[in-house]
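Please look over the sequence and the structure shown here before reading on.

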Amino acid sequence: ITLQVRVSNRAGSSRASHLDLEFAPGSEPFLSLPEPSLRVADSLRGNLSVVKQVPVRITPAAKEQKGFPITLRCRYKDSLGVSRETRTAQLTVSLYPPSDFKEIAPNPYAPYTEGGAVEDPKMFFGRKEFIDQIHTALLGSQGTKCFVLYGQKRAGKSSILEHLRRKLAQSECLPAFFSLQDIQGDLNIPSFLTRILQALRTAVEDEADKHGQTPPFAFPSISEVATSPTLVFHDCLSRLVRTLKKTPGWERQRLVLLVDEFTDVFTQIQQGKMPPEVMKLWKAIIERHYFSCVLIGKDIMPAFQAKFANEFGVTQDLRITYLSREGATALIETPVGPDRYRSQAVSRILELTAGSPYYTMMLCDRLVKYINDTKSLIVTEADVEKVKDSLVSGDQSLREALFDPLFNPGEDRSEERRV
């Protein structure tokens, strides 16, 4: 095949001479060249370009992949006769007709670029063993059990909690889920207890809808809780546990409370908006063994636990980290098909994102847009590099605030500057 390579000298630059084109190491598995260095031009003034026709022989491996990456650079002498070289440029050589391209629509990554729980099981990867571990422990314990899960913002904590909730709902459990960030207005003891009761009521109603049978139990109203929050709460939970044990078909159901953003309690206490006594109340609730619980929080959770070590009591703490290489690879390949990726494309994405599900989603979303815009049937690490560059520089670069999870373990910062 013949490659057309354009070499340009920027406007306002001095004349360059003895311009030689070189293929950087790494292209050998895909092509062979008649010469290691090809003369492009003897001289090239500023604001001019020259196109070099480069005949190459491609290997069977390149044909099979329908494309391959190449890395080029140009050596030249400046106006003073000093030898210089350009930065390397990565390009993808495509070996397929445009008619073979099919648009990726809808973009499977687009709904998750701003964060939020990944509810679609087809987009949720790499957490099965982690969820199975918690699920088995909750069902296997004779009494109640409390898990504390914490990790970096955007590490996938809410997604894990949602898929754990679904798995528990298929077992002999009543998973009651809520997020403290769902509470409108001030987070205080009455609103906290009310939200727990609302989550438990929803869990009971969901189970009743599945089986067509409702236990003879009435939850207190919001106004009733407001009259005496602690007394009404304990009375309600005591009656609920007894009622479930006495109701046929419900006697084996376990209550499991799932609370997202639990570190908001710590933040509210630090800001003086919530009394520290709320943690004594939480300890009293846990010691009654009404339910098992799974608490999700940001990376400030260890500081929260250290401040209220006695109130947290005995918990099993698990840190949510990035995806394993296997899990991250599945997130990259499965939604669009592994056949789209060639050479070191996947490895380069893994290198750039380090297995962060949030940044993997973000990069892959931009990569799918690039694929559709350029009608690329396959992509290599050269394409990944172009997408990376668009994410960190130029008009489409990411806002600085989107990198906040890498630096801030607690609350979001307000900076919205571009990088």
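In which hand, left or right, does α4 pass α6 in their crossing?

## Helices α4 and α6

The crossing of α4 with α6 is left-handed. The model examined here is predicted. Helix α4 covers residues 189-211 and helix α6 covers residues 229-246; their axes come within 10 Å and cross at roughly 20°. Because angles under 35 degrees count as roughly parallel, α4 is roughly parallel to α6.

On the α4 side, the residues that meet α6 are Pro190, Leu193, Ile196, Leu197, Leu200 and Val204. They meet Pro229, Thr230, Phe233, Cys236, Leu237 and Leu240 of α6. By class, the contact of α4 with α6 has 11 nonpolar residues, 1 polar residue and no charged residue.

## Helices α2 and α3

Two packed helices are described by the angle between their axes and the distance between the axes. For helix α2 (residues 128-140) and helix α3 (residues 157-169), the axes cross at roughly 45° and come within 10 Å. The two helices, α2 and α3, are therefore oblique to each other. Their crossing, α2 with α3, is right-handed.

From α2, the contact takes in Phe130, Ile131, Asp132, Ile134, His135, Leu138 and Leu139. From α3, Ile160, His163, Leu164, Lys167 and Leu168 take part. The residues of this contact between α2 and α3 comprise 8 nonpolar, 2 polar and 2 charged.

## Helices α11 and α12

Helices α11 and α12 pack with their axes 10 Å apart, at an angle of about 115°. The crossing of α11 and α12 is right-handed. In α11, the residues Arg325, Ala328, Thr329, Ile332 and Glu333 meet Val346, Ser347, Ile349 and Leu350 of α12. This contact of α11 with α12 divides into 5 nonpolar, 2 polar and 2 charged residues.

The loop between α11 (325-333) and α12 (345-353) holds serine 343. Phi of serine 343 is near 55°, which is positive although the residue is not glycine.

## A cis peptide bond

Most residues other than glycine have a negative phi, and most peptide bonds are trans. The bond from alanine 105 to proline 106 is cis, and its omega is near -5°. Proline 106 is located in the loop between β9 and α2.

## The second largest pocket

Rolling a probe the size of a water molecule over the atoms shows where empty space is left. The second largest pocket holds about 570 Å³ of space. Its lining consists of 25 residues, and those nearest the centre of the pocket are Val7, Ser8, Asn9, Cys74 and Thr86.

Which strand gives the most to the lining of the second largest pocket? Strand β1 does, with 6 residues. At least two residues of the lining come from each of β1 (2-9), β2 (16-23), β7 (67-77) and β9 (89-94). The lining of the second largest pocket contains 11 nonpolar, 7 polar and 7 charged residues.

Terms used
Residues are numbered from 1 along each chain as its sequence is written. This is a predicted model: local features need pLDDT of at least 70, side-chain atom pairs count only at pLDDT 80 or more; totals for chains, interfaces and linings use all residues. Side-chain values use heavy atoms; hydrogens and water are left out. On a 1 Å grid over the protein atoms alone, a cavity is a set of points where a 1.4 Å probe fits but cannot get out, and a pocket is an open set with protein on both sides within 12 Å along at least five of seven lines; lining residues have an atom within 4 Å of a point. Grid points are joined across faces, edges and corners, and a volume is the space filled by probe spheres set on the points. Helices (H or I, at least four residues) and strands (E, at least two) are DSSP runs, numbered from the N terminus. Ala, Val, Leu, Ile, Met, Phe, Trp, Tyr, Cys and Pro count as nonpolar, Asp, Glu, Lys and Arg as charged, and the others, Gly among them, as polar. Axes are lines fitted to C-alpha atoms, for helices over the stretch in contact, and angles run from 0 to 180 degrees between N-to-C directions. Angles under 35 degrees count as roughly parallel, over 145 as roughly antiparallel, 65 to 115 as roughly perpendicular and the rest as oblique. A crossing is left-handed if the near helix is turned anticlockwise from the far one by less than a right angle, and right-handed if clockwise. Contact means heavy atoms within 4.5 Å.
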